[in-house]
Amino acid sequence: GQAHSHPPRRHQRRRRCCCKRRHCRRRRCRCSCICHNRCHRRRCRFHQRRRAGRRRTPRRLVLSSLRAGAPISLKQLEASARPPPARAAVRVGTAVAQFEDAGPFSLLPVDLLVKVLENCYLPVKLTFAIEVCKGLRPLRFVADLWSVVRTSLQDAQRLGHHYETVDWITSRNLVRFAQWLPDADKVTELSLLISKGFAPDDVSATLALFPGVERLSLTGQGMNKKILTLMAKVQRPALRILDLDWGQVGAATVLAVLKTAPSLESLASHKLSGDILEGLAKLLREARQGGTPLLTRLRQTGRYAENVTPFAGVAAGALFPELQEFTISFALRGPSPPLPTAPLQGANLRRLHIYDMIYGFTASDASPHLSDASLACFIKTFVSGCPRLESLCLSHGRKYLSRGETLPRLPRLGKSFQATPL
């Protein structure tokens, strides 16, 4: 037979290890190289520098494709544009923030990403910061993204969501969320929808974790006396704007809560009364050592006006001289209800909105509408003493009719505005 000769062996050069140590037994560097004990389970520094130098930039990738005549895929272009992974974790919000394995979304600038998430609903923010990927979890440390915390139902309806979207919010989850935020003391606006199943201790613990809140909104059917009693034990000197519902709680408990905010400038509530307004004015004067209260905005959010009379509305001008916006409703019964003779003193009042004047639920044989003379007297009382008024809204109210019932005659304005600065 034919003799087969083995091919000549090429000269194999004995390669040294990349660590360049003389007595190292390793001969070549691989992806999982172990140069010595200190390099265990990680690449050596030489291999990392060599691998980083071989990374193709988008320019090199385009030039190589033109020379080879092969097309470039979107995946290759994204891989070349993505920055190399950092060895240490970098917080989002800095100039060198990096996202690993986040796809094309990671190529967005960090400032733009934060601006987009600022306008999102709270569950959307939490989804991005927790569930999307590990590269977005440092969003938890962006203080500007969590400076406003809202869980109210109004925000859900404004964004087109249904009521079920706020079902995940419980009293215990609110406490966990407040503890999850690293900079809870930097939250400036807090709006919570308190449901009936919320535990008062959890609500109090949540509020205690946000000491620097300047704008606070606590609404919902779950607001009860125990929650308000626990709130009265914590001082809030930074609070400026308060939207509070207290249900059937008495005036003493409500005033104890308002006493904790000596710098209050705006108050909104579903139920206002003359006792609440007088007590609030007294507390604000005592906080300023006899000075004028700085309350500039007083707003009644609901149409429940059983405890508010025109006499209390007129007295609000004297109790709060710095008042600039006044929104209120009444429950008068026509045709000639008792009205104050002294006008509303609103030297600084700019906006006056009265959404209801009459009480809508009356007997079919009674006329709830005001007479022409009563309407003229009402307008003169609330408008003539406001020389700097810029916005005026007057609504006579609503009448609920049954079958076969006709709408009573509406009052006529006539010359009602002649005695006013308008």
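User: Contact means heavy atoms within 4.5 Å. In this predicted model, which residues of α10 and α11 meet?

Analyst: By that cut-off of 4.5 Å, A251, V254, L255 and L258 in α10 are in contact with D275, I276, G279, L280 and L283 in α11. Sorted by class, this contact comprises 7 nonpolar, 1 polar and 1 charged residues.

User: How is the packing of α10 and α11 described?

Analyst: Two packed helices are described by the angle between their axes and the distance between the axes. The axes of α10 (residues 251-258) and α11 (residues 274-287) come within 10 Å and cross at roughly 30 degrees. The sense of this crossing is right-handed.

User: What makes S273 count as buried?

Analyst: Buried means under 20% relative accessible area. S273 has 15% relative accessibility, and therefore counts as buried. This residue lies in the loop between β5 (266-269) and α11. Leaving aside residues up to four places away in sequence, S273 touches N307 and V308.

User: Is Q289 buried or exposed, and how do you know?

Analyst: The cut-off for exposed is over 50%. Q289 has a relative accessible area of 77%, so Q289 is exposed. Q289 is found in the loop between α11 and β6 (297-300). Although Q289 is not a glycine, its phi is positive, at about 55 degrees.

User: How do you know which way the side chains of β6 point?

Analyst: They alternate along the strand.

User: What makes β5 and β6 count as paired strands?

Analyst: Two strands pair if there are at least two bridges between them. β5 and β6 have 4 bridges, in the parallel sense, and therefore meet that requirement. One of the residues involved is S269, whose bridge partner in β6 is Q300.

User: What can be said of β8 and β9 by the rule for pairing?

Analyst: The pairing of β8 (residues 351-354) with β9 is parallel and runs over 4 bridges, against a requirement of at least two. L352 stands opposite L392 in β9.

User: Why are β1 and β9 called edge strands of the sheet?

Analyst: The open sheet is formed by 9 strands in the order β1-β2-β3-β4-β5-β6-β7-β8-β9, with parallel pairing. β1 and β9 (391-394) each have a single partner strand, so one side of each has no neighbour in the sheet. From one strand to the next, the twist averages 5 degrees.

User: What makes the buried residues of α5 line one face?

Analyst: The buried residues of α5 (residues 122-131) are L122, K125, L126 and A129. Viewed down the axis of α5, they fall within an arc of 95 degrees, so they line one face of the helix. In general, an α-helix has 3.6 residues a turn, so residues three or four places apart point the same way. Among the elements that cover the buried residues of α5 are α4 (110-118), β1 (148-150) and α7 (171-180).

User: What describes the chain as a whole?

Analyst: The chain has 13 helices and 9 strands. Of its 422 residues, 39% count as buried, that is, under 20% relative accessible area. Among contacts between residues at least 6 apart in sequence, 72% join residues at least 24 apart.

Definitions and conventions. Residues are numbered from 1 along each chain as its sequence is written. This is a predicted model: local features need pLDDT of at least 70, side-chain atom pairs count only at pLDDT 80 or more; totals for chains, interfaces and linings use all residues. Side-chain values use heavy atoms; hydrogens and water are left out. Axes are lines fitted to C-alpha atoms, for helices over the stretch in contact, and angles run from 0 to 180 degrees between N-to-C directions. Helices (H or I, at least four residues) and strands (E, at least two) are DSSP runs, numbered from the N terminus. A crossing is left-handed if the near helix is turned anticlockwise from the far one by less than a right angle, and right-handed if clockwise. Ala, Val, Leu, Ile, Met, Phe, Trp, Tyr, Cys and Pro count as nonpolar, Asp, Glu, Lys and Arg as charged, and the others, Gly among them, as polar. Buried means under 20% relative accessible area, exposed over 50%, partly exposed in between (1.4 Å probe, protein chains only). The arc is that of the directions from the helix axis to the C-beta atoms.
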